[in-house]
Amino acid sequence: MEAKYRAERLPETLRHVRLAFLGAFGVNVLFYLSDWRFYGQPHFPAALAARTAIVAASLLCLGLTGRVRAFPQLDRLCAGWSVPVIAAGAILVTPHTDVALFIIFVLPVIFYLALPMSFSRTLAAGLGCSAATLAGYLSQAPVRDTAVGLGLAMLTENVVLALLLIRANRLQRLAWDATRAARAAGEGLAQHRQALQTVLQAVPAPLVIVARDSRRVLQSNDAARAFFGEAACQGRPALDSFFDRRELARLAGRLRDRGHVEEFETRLSWPDGTVRDVLLAATRIVFGSVEAVVAIVMDITGRKEMEAHLQLLANTDPLTGLANRARFFAAAAAAIRRTQREGRPLSVVMLDLDHFKAINDTHGPEAGDAFLKALAGLCRDLLRGQYLAARIGGEEFALLLPDTDTAGALALADRLRLATAGRPLAGLDQTVTLSAGVSEVRAGETTVDAVLSRADQALYAAKHAGRNHVLVYGDLLGPDALKN
């Protein structure tokens, strides 16, 4: 059965693999442009060679797909591509950049979810990729004090991805098997109604047969009635009310043009407000003398929730719950484009807890973490919905304030300073103060780097001025102080 499944899906799988190789080639060519900013640095030649290896391997394997005639050949080709890509990934993460962390967590996802290899090779590639990139990241001094946590995070990622892969493989094969069974039963429905009923009930997923003209349910299994309720009972109106109108039109168009649909992902809504993400497989058949559609429904809500959770983890600082550095820079890039397009103000505030090292040295890192969480809580309490607070490193925080000029940002930063000043930590005879720097995006700026640099200069000027100050970076005269 597995051999039939792979043989039947080989053309689609080949298209998938070609797109994956082409995508790897295109993305790494684009990365050439980004990597040139490291020209002259010690790791630049190795990074350039690693990029070149990925590009060359992707082009070579893309060409070799034309010779593939069976899934085992394709499986070996994908595994061969994985080896140089994993080695190159281990080299690319050695500089300890933010992009390196991105590669460490995203590259295994490609092997688990983008390459249609056999399960054993997929698992080996994913685990090997994680191990190689983690080793490459930790090979360069200094070794991060978060190395153990990073390793546990990667182990967790591999476990979750392996579970997702197992579930996805099972769902695909169930849908394929059920569609084949329903199609075979439909060809002799008039003579074998009892056989069809047996097949329908044997399918563990919801399965319905709907008349194309009257839109009424002709047949359904127990799983469909448990999933949809009375709406799936024989003779009831079709399940159109569960679909968004545009999605239903898209599904009907595909059935009309192709006669069948596989892996159609959509969202269904129940009258009580329940919403479920599903994967559909449907085929046009003749049920007796009636033109009909047989459809099988796979509930993938849990998988979608897991994907959303993983996305949230990738963009959230685990200690404070605020946005992390990657999310801040992505949001800042979008906000700057909007600012330059619409002419609205945009300000950035850099925050830093004063004497934070002394707190850690005196009371331990747990006390320092408690202060960071307290500051994060103040940021959430004082910021409006469109504002974004992020922890971008250590005790440094950044605020992205759309539609806010320098004066507004200055006032908000000073409210944070006043709310933080003298704030005691329960159980410790210790208070904390805050210093901040403010800068506004200038006309013509396209990235956040310059405005963040100005805000950072104002922040360090505030520290040199005695701390517990908020300074704004002036256009002509340099930083101007707002005294406490």
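## Reading a predicted model, feature by feature

Modeller: Of this protein's 484 residues, 45% count as buried; buried means under 20% relative accessible area, exposed over 50%, and partly exposed in between, with a 1.4 Å probe and protein chains only. This is a predicted model, where local features need pLDDT of at least 70, side-chain atom pairs count only at pLDDT 80 or more, and totals for chains, interfaces and linings use all residues. Residues are numbered from 1 along each chain as its sequence is written, and side-chain values use heavy atoms, leaving out hydrogens and water.

Colleague: How many helices and strands are in the protein?

Modeller: Helices (H or I, at least four residues) and strands (E, at least two) are DSSP runs, numbered from the N terminus. Here you have 16 helices and eleven strands.

Colleague: Is arginine 9 buried or exposed?

Modeller: Arginine 9 counts as buried because its relative accessible area is 13%. You'll find arginine 9 in the loop between α1 and α2. Leaving aside residues up to four places away in sequence, arginine 9 touches Glu262 and Glu263; a contact means heavy atoms within 4.5 Å.

Colleague: And where is phenylalanine 44?

Modeller: Phenylalanine 44 sits in helix α3 (residues 44-64). Its relative accessibility is 7%, so phenylalanine 44 is buried too. Leucine 92 is 48 residues along the chain from phenylalanine 44, yet their C-alpha atoms are separated by 9.3 Å.

Colleague: How many disulfides does a search of the whole structure find?

Modeller: A disulfide is a covalent bond between the sulfur atoms of two cysteines. In a model, we look for a pair of cysteine sulfur atoms within 2.5 Å. Searching the whole structure gives zero disulfides. Take cysteine 61: the nearest cysteine sulfur, that of cysteine 78, is 7.8 Å away. Cysteine 61 is buried at 7% relative accessibility, and cysteine 379 is buried at 0%.

Colleague: What lines the second largest pocket?

Modeller: On a 1 Å grid over the protein atoms alone, a pocket is an open set of points where a 1.4 Å probe fits, with protein on both sides within 12 Å along at least five of seven lines; lining residues have an atom within 4 Å of a point. The second largest pocket holds about 860 Å³ of space, a volume being the space filled by probe spheres set on the points. It has 29 lining residues, and the closest to its centre are His16, Leu113, Pro116, Asn169 and Gln172. Helix α7 gives the largest share of the lining, seven residues.
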